[in-house]
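Please keep the sequence and the structure at hand while reading.

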Amino acid sequence: MQHPRELLASVFGYGAFRPGQEEIVEAVLAGRDTLAIMPTGGGKSLCFQLPALCREGVTVVISPLIALMRDQVRALREAGVEAGALTSGNTDAETEEVFAALDEGRLKLLYMAPERLAAPGSMGLLRRIGVRLIAVDEAHCVSQWGHDFRPDYLRIGELKRALQVPLAAFTATADEETRAEIVTRLFDGVEPATFLRGFDRPNIHLAFAVKDSPRRQILDFAQARKAQSGIVYCATRAKTEVLSQALREAGHLACHYHGGMDPEDRRSVEVRFQQEDGLIVVATIAFGMGIDKPDIRWVAHADLPKSIEGYYQEIGRAGRDGAPAETLTLYGPDDIRLRRSQIDEGQAPPDRKAADHARLNALLGLAEAMACRRQVLLGYFGETAEPCGNCDLCDRPAVLFDGTDAVRKALSAILRTGEWFGAGHLIDILTGNATAKVREKGHDALPTFAVGRDLSKPAWGAVFRQMMGRDLVRPDPDRFGALRMTEAARPILRGEEPITLRRDTVQAAGARPMVKT
Ligand code: ADP
Ligand code: ZN
């Protein structure tokens, strides 16, 4: 069997599971009947596509919408997966191709419209081809009282009985009645493994801070939680070693963990962490899978994670026991530059790179959030929420100001210097700091020279960071990381759209961010 996590990366191009996906994939792979209730956009399709690829045989996917099936088949094929659909929208050639792939035993996923189950010969076909799993998308369509009722969904229970294979049902509709109906009609009344979990983990306190003296910030955070088990995630292996050393010198129990270590050494860290109280593991993201410690009290990120999915998964290791747990994520312009260049320099095709940039943007949006972070986080996963009262921005609301003027000045400094410079030089121009470089380039003669004297250097640093965080400017790897304007900035430059910035980080940029104790 192929390992799901490897396929997650190699076929789908994702670095982490979305909330809930891993447990569902495990249950399906274990051959259990499963019912998963996930919000729309939560990533249900992966939960049957991935198991389908890990195993021999065909997975039949019943889905009510032809357009949706075609989209999924196209995306799977682009990722190199043998998938096909039998729907009324097929051309004869398409249908023949599907049959050929089935005959040759190549097909992994067969999408079928429910109507097709009633067609003569369908049952016989499905019996012949070695079906291993039935996946039912939009399973609430089986409910006669719901507004999406599809009579042909009632044949699915029959199909399951005939094939004697596990069934995995997915829906975003969570109410009791619908669920009960699904269990009766799809699972013959036998309660399946059911996954119904909102994404919220209300006991986890969320906090971000701008990185200024990262080692100090992590030490302070750990100090306030002395003798509690915690994880510090770092972007590099070298850093895990340096930082765990620093923690030990400060009197903590700490060790490092990364993929470059001997398997026995890694194993011994895992065992210690599991058994001892108050151990800090400073690790790359290699640490975490298979760690099932309910009382991890805190998780800190010494560097910005790769994506909002990665962030959620990593902080989600804290507080599984439901007791209060705390998190802190440090970030700064260098992190943004690093993560962008990792995406740009990677081997992924252009559309996947664009998607990775979008996932990074989502995380930066969370980092630069103006109000409750949980609302932003859950919103990304398709859930709505009230302000949570358990994040740094609920504790201490951000002070906002109209940053339109500052952003326009910064953009014009970028454009007037041909998009060839980084934030440091641009800030020198804006604040009227006539350095040798500024004079040599003649930038002291620009109209933008010194137009930003009203803000301090650190304040401008924060403006630039927020501009990067909102993807108004991006470092260009082909120009040594020079900042270039994105399309999103154009309306602001033209004065068609205002932009709000956070004052607190502008002021705090030079000072040490406060850490909740
Ligand atoms: P649903 O069917 O639950 O509404 P989809 O399966 O269409 O949701 O997935 C929603 C989006 O989430 C898709 O754009 C998909 O690419 C993305 N997605 C799914 N799983 C992951 C993951 N593990 N990491 C990142 N993105 C994911
Ligand atoms: Zn909040």
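Predicted model: local features only at pLDDT ≥ 70, side-chain atom pairs only at ≥ 80, totals over all residues.

## Confidence

For the protein as a whole, the mean pLDDT is 91. A value of 70 or more is reached by 97% of the residues. The model's scores are ipTM 0.97 and pTM 0.76.

## Around ligand 1

The shell around ligand 1 consists of 13 residues. The closest are Tyr-14, Arg-18, Gly-43, Lys-44 and Ser-45. Divided by class, the shell holds six polar, four nonpolar and three charged residues.

## Helix 2 and helix 3

Helix 3 also takes part in a helix pair, with helix 2 (residues 21-29). Two packed helices are described by the distance between their axes and by the angle between them. For helix 2 and helix 3, the axes come within 9 Å and the crossing angle is roughly 45°. The two helices are therefore oblique to each other, and helix 2 passes helix 3 in a right-handed crossing.

On the helix 2 side, the contact is made by Gln-21, Ile-24, Val-25, Val-28 and Leu-29. They meet Leu-46, Cys-47, Phe-48, Leu-50, Pro-51 and Cys-54 of helix 3. By class, this contact has ten nonpolar residues, one polar residue and no charged ones.

## Helix 18 and helix 20

A second pair is formed by helix 18 (residues 423-430) and helix 20 (residues 457-469). Their axes come within 10 Å and cross at roughly 130°. Helix 18 is therefore oblique to helix 20, because angles over 145 degrees would be needed to count as roughly antiparallel and those from 65 to 115 count as roughly perpendicular. The crossing of helix 18 past helix 20 is right-handed.

Which residues of helix 20 does helix 18 meet? Ala-423, Ile-427 and Leu-430 of helix 18 meet Lys-457, Trp-460, Gly-461 and Phe-464 of helix 20. The classes in this contact are five nonpolar, one polar and one charged.

Key
Residues numbered from 1 in each chain as written. Chains lettered and ligands numbered in written order. Near = placed C-beta within 6 Å. Nonpolar A, V, L, I, M, F, W, Y, C, P; charged D, E, K, R; others polar. pLDDT = per-residue confidence, 0-100. Axes fitted to C-alpha atoms, helices over the stretch in contact; angles between N-to-C directions. Helix = DSSP H or I, 4+ residues; strand = E, 2+ residues; numbered from the N terminus. Parallel < 35°, antiparallel > 145°, perpendicular 65-115°, else oblique. Left-handed = near helix turned anticlockwise from the far one by under 90°. Contact = placed C-beta atoms within 7 Å.
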